[in-house]
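Please read it with the sequence and the structure in view.

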Amino acid sequence: MILRRVHPGPVETLELDADGTRDRLLELYRPPAGEWLRLNLVTSVSGSAAGSDGTSETLTSASDRRILGVIRELADVVLVGAESVRSEGYLRPKRAPLAVVTGSGDLSGHRIGGAEGPPVVVLCPPSAVDRVRETLADAEVITVPGPRMSPADLIAALRASGFASIVCEGGPGLARQLVVAGLVDEACLTTSPRLTGVTHPLFGIEPFAEVAVELAQLLVDDESALFARWLIRAGRATA
């Protein structure tokens with residue numbers, strides 16, 4: 001598999017399995033600051049976050065999984081919503097812990113797999129701690145002021161626990177909340193070369209104010225998948 005970095009120029013060609021490619025990808029995706037909040041999302045060309053099987057799995061590829069691994073390696077924590085770990089299923093990342101956001105604390109049916117990674121971290125309001133213990137007994141719990149946890153309080157709680165560089169992998173509702181709150185520095189967006197029905201809009205169905213972004217990097221593989229780094233200007237939504 002070949003990856004081509006087409007922006008910024010000049011064009012650079014990377015063989016996915018060649019020696020040194022992973023190190024180069026780590027250079028290309030390294031956050032420019034210690035405290036950094038990324039979204040890492042995948043979409044079809046038509047804007048759906050789910051493919052034919054109802055999950056993101058059918059939108060991914062070998063290139064996407066390699067870049068996902070690089071982004072996770074550069075993060076201190078991988079943040080997801082509770083609904084994502086139910087619908088998608090998650091293997092624990094090998095290096096950065098998986099952090100799950102839940103308002104109710106009910107993580108039954110979570111489909112979290114893998115035994116190699118760090119313990120799962122759960123962010124929840126104090127009233128939900130007991131339910132977390134019942135449904136995911138080995139989790140490390142971080143309490144966040146509730147009952148409705150604000151995006152700013154979520155990120156502040158993670159940073160207070162030593163997680164400076166954060167990558168959020170969704171779902172759409174959590175990603176939208178972080179963008180609207182002006183907390184996101186960058187969106188790493190994979191565009192899968194497929195036209196699909198938009199069963200799961202990338203940021204959900206609720207409208208929000210326009211956000212200005214700037215293309216920092218674009219890679220394309222030989223199957224026409226696109227891998228973009230979009231910097232979010234000032235991290236703030238515009239009126």
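1. Glu134 is exposed, with a relative accessible area of 59%. Exposed here stands for over 50% relative accessible area, buried for under 20% and partly exposed for values in between, computed with a 1.4 Å probe on protein chains only. Its salt-bridge partner is Arg131, and the closest N and O atoms of the two are 2.8 Å apart. A salt bridge is counted when a side-chain nitrogen of Lys or Arg lies within 4 Å of a carboxyl oxygen of Asp or Glu. Arg131 is partly exposed, at 33% relative accessible area. Both residues belong to helix α4 (residues 129-135), and because they are 3 residues apart, about one helical turn separates them.

2. A word on the basis of these values is needed. The model is predicted: local features need pLDDT of at least 70, side-chain atom pairs count only at pLDDT 80 or more, and totals for chains, interfaces and linings use all residues. Residues are numbered from 1 along each chain as its sequence is written, and side-chain values use heavy atoms, with hydrogens and water left out.

3. Arg176 and Glu206 form another salt bridge, with 3.7 Å between the closest N and O atoms. Arg176 lies in helix α6 (residues 172-180) and Glu206 in the loop between β11 and β12 (213-221), so the contact ties together parts that are 30 residues apart in sequence. Arg176 is buried at 12% relative accessible area, whereas Glu206 is partly exposed at 49%.

4. Which residue forms a salt bridge with Asp17? The partner is Arg66, and the closest N and O atoms are 3.0 Å apart. This pair links distant parts of the chain, since Asp17 sits in the loop between β2 (12-15) and α1 (21-29) and Arg66 in helix α2 (residues 62-73), 49 residues apart. Asp17 is exposed at 65% relative accessibility, and Arg66 is partly exposed at 25%.

5. The structure holds 13 salt bridges. Glu12, Arg24 and Glu27 are joined in a network of such bridges.

6. Strand β3 (residues 36-44) deserves attention for its burial: 9 of its 9 residues are buried. Trp36, Arg38, Asn40, Val42 and Ser44 point one way from β3, while Leu37, Leu39, Leu41 and Thr43 point the other way, and all are buried.

7. With which strands does β3 pair? It runs parallel to strand β10 (residues 165-168), to which 4 bridges join it, and Ser165 in β10 is the bridge partner of Trp36. It also pairs in the parallel sense with strand β11 (residues 186-192) over 7 bridges, where Leu41 stands opposite Leu189. Two strands are taken to pair if DSSP finds at least two bridges between them.

8. The protein contains 6 helices and 13 strands. These are DSSP runs numbered from the N terminus, helices being H or I of at least four residues and strands E of at least two.

9. On overall dimensions, the C-alpha trace spans about 55 × 45 × 40 Å along its principal axes. Of the 239 residues, 47% count as buried. Among contacts between residues at least 6 apart in sequence, 61% join residues at least 24 apart, a contact being heavy atoms within 4.5 Å.
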